[in-house]
Amino acid sequence: MRITRLELRLVRLPLVHFFETSFGRVHERAFVLVTVDGDEMTGMGECVADTDPYYSPETTETAWHVISAFLAPLVLGVEFAHPREVFGAMRRVRGHNMAKAAVEMAAWDLFGRQQGVPLSRLLGGTRPSIAAGVSIGIQDSLDDLITRVDRELAQGYQRIKIKIKPGWDVGAVERIRSRFGPIPLMADANAAYTLADAPHLSRLDPYELMMIEQPLDHEDLFDHAALQRLMRTPICLDESIQTVRHARDAIDLGACRVINVKPGRVGGFAESLRLHDLTAARGVPVWHGGMLESGIGRAHNLHLASLPNFSIPGDVAASCRYYQPDLIDPPIEVRPDGTILVPTGPGTGVHVVRERLERATGRVAVLERP
Ligand code: OSB
Ligand code: MG
């Protein structure tokens, strides 16, 4: 496989419903879309970096810069036997995993299309459909939260995650438990607490959450280990796990009992596979996270989530929760049993609607081998 042309697009899509986390509220999503060409075929990768450096230090503009100035020259014109070699080819660039992942996952899509096989098969996926869960942001009121949980359960989703922050935590969980009983429920704090909040966070223990995601700072494995010793609720790490080494350290330290896998956070599919295999060997279950992806990135996620150690329903949900219309047609849909079919066509297996993509595109850059 050889990439002869790499195109960057800045894409903007309005969200169907605002999404609020402990970082703030967003009404639209902007992302860099990477398209790679080789041998008359095309692959795409959606960069999950956001406009603001709140979830991670990367932004749409840093990704644009790093891909065009540093990553594209490292992959253009290089002969790869397999897309698992692409991450290594970019190794001299430190960090910038989201930028790397967008390039690498576009290469996987290209390779899958060239070989005529779905990504799930290339990756070692073992299930034809995945269990879907939803991530529900902070709402204007607890009544609004209850309405949204009700709606998602009616759609069949197998797990509810709510975003929490100081002032929107124990009370929100209490309301959901008293209204819906023992549904599969978890909470994601996006690093909004410190170890000094341990007594407060322990008040969540009686509600039997499946887990609490990233309660403390993204750099703080040590305090997560201390918190896990003080809490019964399992801790799941998201922001803290940017490399396979971080995962190994976190498991050894007792900083988490579950890990959220987002390929963008670790640099793409090859690193996600290493993370998957490490956690499987250590008996730590994983689930697939989400970054409000359009159908393009969402399809990549479906393929990865079909691997065996993704044993907990994740944040991979239907297109219509986010974008109407989505960039792809047909959209990704959840079935009444709360599962989503993994596409079976070559590569990601989804069809991008050209004119919707053109309409959403702000600017374009094309990089070719000189
Ligand atoms: O922390 O998992 C997170 C969205 C953007 C940034 C970070 C996170 C999220 C979500 C939404 O929780 C998951 C989704 O529905 O795509
Ligand atoms: Mg999270």
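The axes of helices α8 and α9 come within 9 Å and cross at roughly 35 degrees. Here an axis is a line fitted to C-alpha atoms, for helices over the stretch in contact, and angles run from 0 to 180 degrees between N-to-C directions. Helices (H or I, at least four residues) and strands (E, at least two) are DSSP runs, numbered from the N terminus. The structure is a predicted model, in which local features need pLDDT of at least 70 and side-chain atom pairs count only at pLDDT 80 or more, while totals for chains, interfaces and linings use all residues. Residues are numbered from 1 along each chain as its sequence is written, chains are lettered from A and ligands numbered from 1 in the order in which they are written, and side-chain values use heavy atoms, with hydrogens and water left out.

The crossing of α8 and α9 is right-handed; a crossing has this hand if the near helix is turned clockwise from the far one by less than a right angle, and is left-handed if anticlockwise. On the α8 side, Leu 221, Phe 222 and Ala 225 are in contact (heavy atoms within 4.5 Å) with His 246, Asp 249, Ala 250 and Leu 253 of α9. These residues divide into 5 nonpolar, 1 polar and 1 charged. In this scheme Ala, Val, Leu, Ile, Met, Phe, Trp, Tyr, Cys and Pro count as nonpolar, Asp, Glu, Lys and Arg as charged, and the others, Gly among them, as polar.

Which residues of α8 are buried? In this helix (residues 221-230), they are Leu 221, His 224, Ala 225, Ala 226, Leu 227 and Gln 228. Buried means under 20% relative accessible area, exposed means over 50%, and partly exposed lies in between (1.4 Å probe, protein chains only). The cover over the buried residues of α8 includes α7 (198-201), β9 and α9.

From α9, Val 244, Ala 247, Arg 248, Ile 251 and Asp 252 meet Glu 271, Arg 274, Leu 275, Leu 278, Thr 279 and Arg 282 of α11. By class, this contact has 5 nonpolar, 1 polar and 5 charged residues.

Another helix pair is formed by α5 (residues 142-154) and α6 (residues 170-180), which pack at about 50 degrees with their axes 10 Å apart. The two helices are therefore oblique to each other. Residues of α5 in the contact include Leu 145, Ile 146 and Val 149, and those of α6 include Ala 172, Ile 176 and Phe 180. The contact of α5 with α6 has 8 nonpolar, 1 polar and 4 charged residues.

Next comes the metal site. Which residues coordinate the magnesium ion (ligand 2)? They are Asp 188 (OD), Glu 213 (OE) and Asp 238 (OD), at 2.1 to 2.3 Å. Donors are N, O and S atoms within 2.8 Å of the metal (3.2 Å for Na, K and Ca); water is not among the atoms, so sites may look incomplete. Along the chain, the donors follow the spacing D-x24-E-x24-D. Asp 188 sits in strand β7 (residues 185-188), while Asp 238 is in the loop between β9 (235-237) and α9 (244-253), 50 residues apart. Asp 188 counts as buried because its relative accessibility is 0%, and Asp 238 is buried at 0% too.

The peptide bonds from Gln 324 to Pro 325 and from Asp 329 to Pro 330 are cis, with omega near 0 degrees. Glu 40, although not a glycine, has a positive phi of about 65 degrees, and Leu 292, not a glycine either, has one of about 55 degrees. Is each of them buried or exposed? Glu 40 is exposed, with a relative accessible area of 84%, whereas Leu 292 is buried, at 16%.

Terms used
Parallel < 35°, antiparallel > 145°, perpendicular 65-115°, else oblique.
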